[in-house]
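Here is a short report on one structure.

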Amino acid sequence: MVSQHGNPPLDVLALAAHRDDVEQTCGGTLLKMAQRGHRTGILDLTQGEMGTRGTAQDRAREAAEAAKMLCVSWRQALDIPDGRVENTWENRLKVARVIREQRPRVLILPYWKGRHPDHYMASVLGYEACFLAGLSKLDVSHALSTQHSSFSEAIEGETMSHRPFKIIYATLYYDVRPTFVVDITEQFETRFQALMAYKSQFRDQEAGTGIFPAQAEIRSRIEAMARFYGLLGGVTYAEPFLQKEVGLVEDLTMIPVKSI
Ligand SMILES: [Zn+2]
């Protein structure tokens, strides 16, 4: 799928290995940003063809439904093989091309450590793609498949260099202390429903006793995590993030989160 050109830049783009990763790690935050008037987007690196149940087509339909619930303006899945997200030159160019097209101000990447290789590879791949996207002399269109490059060469401004101003890491999949959390108390319910839009995915976890026990268990786990990070921020539900940079403060009396 070729993205729509001529649209305004994205304010926030979330990148992840698999469809449903964004819903699990930062979906509430994306919804909150959209509700505040920002343009948000999701880039899934793979299409989910390795899933035990459900096809890539099922996943595409479910991802579109979830995107609608989270009010995202743009969503695309690349054709990187599921279960084989590798930090290759070709893959970096694919992501760099999206960065230049969508021109996000903020990029959310997965945390760079994790259990699933696709997740931590997506983190490094995303970071290095941002670096490439900012090299003005690099033409990212030429090394891609012919159908894409012939299209993109016709578009003026396509290869204008761009790097996100801010890169933050969604840490929910990994046990690491976040540097900040986003209050998603108001967004929690919709974010949970967006995750449940992946019907083919969550049916995998049933043990033949109907969908309700499985969903109740999933909900408990998701709620426990959101509660935990909410507690760290002094709110009900939150999503955790990490930034490599230090925080910059203008007014000490405005620093949130109570100390004592
Ligand atoms: Zn995943």
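The largest cavity has a volume of about 130 Å³. A cavity is a set of points on a 1 Å grid over the protein atoms alone where a 1.4 Å probe fits but cannot get out; lining residues have an atom within 4 Å of a point. Lining this cavity are 19 residues, and the closest to its centre are Thr25, Pro110, Tyr111, Ala170 and Tyr173. The elements β1 (12–16), α1 (21–25) and β4 each give two or more residues to the lining.

This is a predicted model: local features need pLDDT of at least 70, side-chain atom pairs count only at pLDDT 80 or more, and totals for chains, interfaces and linings use all residues. Residues are numbered from 1 along each chain as its sequence is written, and side-chain values use heavy atoms, without hydrogens and water.

Ala170 also belongs to strand β5. Five of the five residues of β5 (residues 166–170) are buried, so the strand is largely enclosed by the rest of the structure. Buried means under 20% relative accessible area, exposed over 50%, partly exposed in between (1.4 Å probe, protein chains only). Lys166, Ile168 and Ala170 point one way; Ile167 and Tyr169 point the other.

β5 pairs with two strands, where pairing needs at least two DSSP bridges.

| Partner of β5 | Sense | Bridges |
|---|---|---|
| β4 (residues 106–110) | parallel | five |
| β7 (residues 238–242) | antiparallel | two |

Leucine 107 stands opposite isoleucine 167 in β5. Tyrosine 169 faces leucine 242 in β7.

Isoleucine 255 lies in the segment after β7. Its relative accessibility is 49%, so isoleucine 255 counts as partly exposed.

Conventions:
Helices (H or I, at least four residues) and strands (E, at least two) are DSSP runs, numbered from the N terminus. On a 1 Å grid over the protein atoms alone, a cavity is a set of points where a 1.4 Å probe fits but cannot get out, and a pocket is an open set with protein on both sides within 12 Å along at least five of seven lines; lining residues have an atom within 4 Å of a point. Grid points are joined across faces, edges and corners, and a volume is the space filled by probe spheres set on the points.
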